[in-house]
Amino acid sequence: MTAPFDSVSAENWASHYLDASQHGGALGEVIIEAKGMGVKASWGHIYGPVEFRIRRGGVTVLVGAPGRGRTALLLTIAGRMKPTSGSLHSFGQSNRAHQLFNKSALGFVDEVDEIEQTIRVHDVLTEQCRWAQPWYKFVGQANADDLERLCRPVFGPLTLPTLDAYVEELPELTATLFRIAMANIRRPELLVVGGVDNLHGYENARLLLERLVDLGSDQTVITANVNGEELVPGITDVIEVPNLTDNEFVRLEQGDRIL
């Protein structure tokens with residue numbers, strides 16, 4: 001099990017971060033900025049306007065109620081959805097969803113990466129390995145080495161699933177980390193992960209956040225939580241994001257959460 005946050009000094013984390021960072025640019029540099037950004041569909045308002053800045057490195061936690069608005073916001077940050085109002089400035093350019101798409105991975109969002117339950121870990125791994133290679137390159141069946149190589153960075157010291165396990169039989173945290181690992185095969189600069197509050201129980205949510213903090217040592221990780229998080233080593237910013245849904249429902253959701 002990874003060390004809890006309160007046992008990790010800021011100095012040690014920063015040293016690890018500086019040694020491990022593999023992407024260009026200064027740590028703490030603003031790489032994404034939303035100004036008056038919103039999304040509206042043909043059938044109505046989804047979210048917005050919202051304004052925030054994402055700084056390079058570590059984990060940024062967006063604080064807002066779960067639902068279609070928050071999911072759509074994460075999709076927009078990952079370049080999977082375009083703003084219909086306002087602007088999203090990212091990596092030196094404005095409103096370039098394609099650029100964000102190429103620079104990001106998106107995991108643990110059911111609308112994008114939900115895995116068919118009646119399928120084995122081996123089959124998912126093989127498929128993702130093939131998608132990650134050029135069409136003309138032959139890729140055989142995934143093996144234990146592939147599982148270790150692709151999943152260990154996300155799982156860290158936690159136990160990997162077995163190749164012959166069915167996804168529907170995996171424990172909740174294991175299944176979540178596996179989905180993130182499959183989404184993050186390319187290890188792009190930006191990793192966007194569905195809300196940690198989508199997990200049941202405090203311990204699973206805590207362990208997931210610890211793993212995201214570790215990934216934040218060489219990627220910029222963005223996730224969400226209705227109740228926010230403490231600013232501890234590895235968490236760069238905790239940002240309140242209003243206008244994701246009706247304020248009345250936000251208050252009810254925050255009052256009912258046990259995390």
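Some notes on its surroundings and on the rest of the model follow.

1. Ground rules. This is a predicted model, where local features need pLDDT of at least 70, side-chain atom pairs count only at pLDDT 80 or more, and totals for chains, interfaces and linings use all residues. Residues are numbered from 1 along each chain as its sequence is written, and side-chain values use heavy atoms, with hydrogens and water left out.

2. Glu-29 and Arg-56. Their side chains meet in a salt bridge of 3.0 Å, N to O (a side-chain nitrogen of Lys or Arg within 4 Å of a carboxyl oxygen of Asp or Glu). Glu-29 sits in the loop between α1 (10–20) and β1 (30–41) and Arg-56 in the loop between β2 (44–55) and β3, so the pair ties together parts 27 residues apart in sequence. Helices (H or I, at least four residues) and strands (E, at least two) are DSSP runs, numbered from the N terminus.

3. Arg-56 and Glu-189. Arg-56 also forms a salt bridge with Glu-189, at 2.0 Å, N to O. This pair links the loop between β2 and β3 with the loop between α7 and β7, 133 residues apart. Arg-56 is buried at 10% relative accessibility, and Glu-189 is buried at 10% too. Glu-29, Arg-56, Lys-103 and Glu-189 are linked in a network of salt bridges; the whole structure has 14 salt bridges.

4. Asp-237. This residue lies in strand β9 (residues 235–240) and is buried, with a relative accessible area of 18%. Its side chain joins that of Arg-55 in a polar contact of 2.8 Å (a pair of N or O atoms within 3.5 Å; within protein, one must be able to donate a hydrogen and the other to accept it, and residues adjacent in sequence count only if both atoms are side-chain atoms).

5. The nonpolar cores. The largest has 42 residues, and Leu-208 and Leu-212 have the most contacts inside it (a nonpolar core is a set of buried Ala, Val, Leu, Ile, Met, Phe, Trp, Tyr and Cys residues joined through side-chain atoms within 4.5 Å). Helix α7 gives the largest share of this core, 7 residues. A second, separate core of 29 residues includes Val-39, Ala-72, Leu-75 and Leu-106.

Key
Buried means under 20% relative accessible area, exposed over 50%, partly exposed in between (1.4 Å probe, protein chains only).
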